[in-house]
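Biologist: Walk me through this one. I want each label set against its rule.

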Amino acid sequence: MMEVVYLLSSILSTCITSFALSLLLPFRLLLRSLGFRFDAGADSVYLYEGTVCHERRCPVHHSFRYPVRYALIDLDRASNPPSDHLSAHQARRISGTTGPVFLLTIPPSVGYVQNPLSLYYCYDTEGSLQNLKKCIAEVTNTPWGERVSFVFNPNSDAVAKALHVSPFMDMLGNWTMKTSTPGDNLFVTISVNHPKHGDYFSASLMAKRVSSSMHTDLALFFWLMPHKVALWIYWQALKLWWKGVPLLQHPRYYNPRYREEAILSDEKLQCCPAFAFETQNNQQAREHCSDPAAHSTSRHHCFTWRDAKWPWC
């Protein structure tokens, strides 16, 4: 009950705050016309417009798409790096790369932030060449605000599911992730491989870079973008509930060790992919892996979690 009250009050508080801050945007435009600059470091930000698509094939078919806007931020050049994210130095340390780092994310708008997925593109420098070597994903769930971060191979990588991202999905299976090198076009794909349902869920982002000269004010370009994402999340959850998809408890209530089990599942996944779904039979999987420790995710995917805040914790 406390969670419901908190959720409703936070929605009301966000609406009031965002409305008040939105009223200040015309004054921002006026000051901008008088020569004031608000987007210092905007030359380190590349703008993208695109579409997010989701498709669920089990236990019912459900698909949707919605338009999105993203920022690709050069973290080495940004004068005001986004808060609540890694710095370029931290990303390089985690990914083991040596070159520039770019962050793909939805910036906060009028006091609100909503980012189901942010990606760091980490490059290696070899002479005059820069090659995309690793990516770091930050997956954040709604409404809990928990986050898991991990490293993955952008060409294609299978990662054990490590976060309760939706009350309509269990914790079994893994994510298969793939992304292109950001350029004029950008794509990200994620599919969920489940031991019972197979590849029953997929999500994708397809986006194009837009000219920054056409959108000189970032506050206007991203106005209410996080709010729209949150609205779509809750609306689609309501539709799934209406279709009869069962609600599942957060695993912390029935399996406090779910994070440790996700690491173990990921170790087995990297060690012996044929036994990726042997989550109920750890011994059998280990018998087919001579040295599971040699494939430890502490060196491969480097999972880190951020806990939920009150009252979700």
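Biologist: Which residue just after H5 takes a positive phi?

Modeller: Gly244 does, at about 95°. This is a predicted model: local features need pLDDT of at least 70, side-chain atom pairs need 80 or more, and totals for chains, interfaces and linings use all residues. Residues are numbered from 1 along each chain as its sequence is written, and side-chain values use heavy atoms, without hydrogens or water.

Biologist: How do you know that the span of helix H5 agrees with its 18 residues?

Modeller: Helices are DSSP runs of H or I, at least four residues, and strands are E runs of at least two, numbered from the N terminus. The expected span is 1.5 Å times one less than the number of residues. For residues 225-242 that gives 26 Å, and the end C-alpha atoms are 26 Å apart, so the two agree.

Biologist: What makes the pair Phe150 and Phe303 tilted?

Modeller: Rings of Phe, Tyr and Trp (its six-membered ring) pair if their centres lie within 6.5 Å; planes under 30 degrees apart are stacked, over 60 edge-to-face, the rest tilted. By this rule there are ten aromatic pairs. Phe150 and Phe152 have centres 6.3 Å apart and planes at 55°, so they are tilted. For Phe150 and Phe303 the centres are 5.8 Å apart and the planes at 55°, so that pair is tilted too.

Biologist: Which parts does the pair Phe150 and Phe303 tie together?

Modeller: Phe150 lies in strand E6 and Phe303 in the loop between helix H7 and strand E11, so the pair ties parts 153 residues apart in sequence.
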